[in-house]
Amino acid sequence: MTWLITGGAGYIGAHVVRAMTAAGETAVVYDDLSTGVAERVPAGVPLVVGSVLDGDRLARAFAEHAVTGVVHLAGKKRVGESVERPLHYYRENVEGLRALLDAMVTADVTRLVFSSSASVYGMPDVDMVTEETPCLPMNPYGETKLAGEWLVRAAGRAHGLTTASLRYFNVAGAAAPDLADTGVFNLVPMVFEKLTDGAAPRIFGADYATPDGTCVRDYIHVVDLAEAHVATARKLAAAPRGTDLTLNIGRGEGVSVREMTDLINEVTGYSTPAEVTERRPGDPARVVAAADRIAAELGWSAKHDVRDMIASAWAGWLREHPDAAPRPVV
Ligand code: UD1
């Protein structure tokens with residue numbers, strides 16, 4: 001099959017492209033380069049520069065490259081920004097997906113892997129979040145992902161598409177330093193930034209109802225996440241039309257913010273204790289995936305642990321910040 005990978009020049013997309021081509025699939029990247037980087041697209045993989053809102057550009061890309069399936073990762077993903085710019089987020093994430101589905105139906109491209117998020121669950125009141133846990137997103141970003149899932153399912157039913165929505169938990173790590181996430185919007189890079197600046201990493205609240213009082217998350221290595229896309233794409237390629245899957249992608253293991261800041265210090269060679277600050281509004285105490293369904297459906301499970309994620313992300317950070325390594329004490 002030939003897979004059009006929207007957002008394939010982004011952090012996660014670039015990993016998905018590599019995993020797909022390494023597995024022998026043909027990939028074409030479709031990216032508007034608003035946050036994606038052309039250099040992340042490997043040699044030999046065509047890059048089509050375009051927006052998913054541009055139906056004509058999509059139609060031409062489908063025809064020119066004989067596309068048979070789509071992995072849709074293009075989208076906006078910053079929670080705080082989504083609160084400030086909901087119209088922009090609904091347009092990019094929901095209208096963009098609608099335009100993509102429209103182009104797919106017209107061109108008879110019938111297979112779609114949709115990048116969703118654990119943010120659809122909001123503040124889940126359960127130890128392990130299954131795909132049946134009620135979805136109550138807490139911000140416009142999560143809403144656009146849930147609306148996207150609904151749209152995928154409805155279009156799939158009406159037009160006989162074969163689809164999957166993958167709910168990513170907390171993604172970290174890199175396959176190589178030049179593929180690392182360059183944004184500083186999540187825990188791991190935010191702690192790196194503090195350490196590099198000679199400041200204490202911050203823990204946003206230590207009075208949660210969790211074992212050490214800090215929030216618990218399910219961190220997943222981006223390389224494992226990319227492999228889950230390959231397994232999903234293969235499943236869809238062989239599945240009857242109309243199949244629709246919704247799958248959590250996590251490790252099923254909770255790690256606290258305190259455990260993360262301790263391990264980041266250890267892996268990077270720093271020893272700067274974290275300081276506890278105010279809670280960040282909207283943070284759930286615990287979000288950990290039940291990862292049984294994806295194991296049963298696809299035979300996929302994560303291989304990399306949190307130490308691998310931190311070490312590979314740190315190698316990427318050092319590439320961007322060559323002076324970041326701690327100075328030896330003499
Ligand atoms: C983020 C997204 C969420 C998405 C999820 C998985 C945000 C706000 N939320 O979740 O929508 O579903 O990824 O893709 O972007 N923390 C600190 N100190 C820091 C930075 C973070 O204590 O300097 C804490 C946070 O309070 C949180 C945990 O670390 O408890 C993880 O934070 P973050 O990496 O931002 O991800 P989430 O908010 O869990």
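A residue counts as buried when its relative accessible area is under 20%. With that cut-off in hand, let us walk through this structure, which is a predicted model.

Our first stop is Gly8, in the loop between β1 (2-6) and α1 (11-22). The relative accessibility of Gly8 is 1%, so this residue counts as buried.

Next, find Val52 in the loop between β3 and α2. Its relative accessibility is 6%, under the 20% limit, and therefore Val52 is buried as well. His15 is 37 residues from Val52 in sequence and 20 Å from it in space, C-alpha to C-alpha. Ala99 is 47 residues from Val52 in sequence, and here the C-alpha atoms are 6.7 Å apart. Ala99 itself belongs to helix α4 (residues 86-107). With a relative accessibility of 7%, Ala99 also counts as buried.

Now for two residues with a backbone angle worth a look. Most residues other than glycine have a negative phi. Leu33 has a positive phi, near 60°, and is not a glycine. You will find Leu33 in the loop between β2 (26-31) and β3 (47-49). Its relative accessible area is 29%, so Leu33 is partly exposed. Ala66 also has a positive phi, of about 50°, without being a glycine. Ala66 sits in the loop between α2 (55-65) and β4 (69-72). Exposed means over 50% relative accessible area, and because Ala66 has 53%, Ala66 is exposed.

Let us move on to the aromatic rings. A pair of aromatic rings is described by the distance of the centres and the angle of the planes. The model has four aromatic pairs. One of them joins Tyr270 and Trp314 edge-to-face, with 6.2 Å from centre to centre and 90° between the planes. Tyr270 lies in the loop between α8 (257-268) and β13 (275-277), while Trp314 is in helix α10 (residues 306-320), so this pair ties together parts that are 44 residues apart in sequence. Both Tyr270 and Trp314 are buried. If you follow the ring pairs, you can trace a cluster made of Phe192, Tyr270, Trp314 and Trp317.

The charged end of Arg279 sits over the ring of Tyr208, at 3.9 Å from the ring centre.

Which domains contribute to the lining of the second largest pocket? Domain 1 (2-172 + 219-249) and domain 2 (177-217 + 252-320) each supply at least three of the lining residues.

Terms used
Residues are numbered from 1 along each chain as its sequence is written. This is a predicted model: local features need pLDDT of at least 70, side-chain atom pairs count only at pLDDT 80 or more; totals for chains, interfaces and linings use all residues. Side-chain values use heavy atoms; hydrogens and water are left out. Domain bounds come from an automatic or database domain assignment. Rings of Phe, Tyr and Trp (its six-membered ring) pair if their centres lie within 6.5 Å; planes under 30 degrees apart count as stacked, over 60 as edge-to-face and the rest as tilted. Helices (H or I, at least four residues) and strands (E, at least two) are DSSP runs, numbered from the N terminus. Buried means under 20% relative accessible area, exposed over 50%, partly exposed in between (1.4 Å probe, protein chains only). A charge sits over a ring if NZ of Lys or CZ of Arg is within 6 Å of the ring centre and within 35 degrees of the ring normal.
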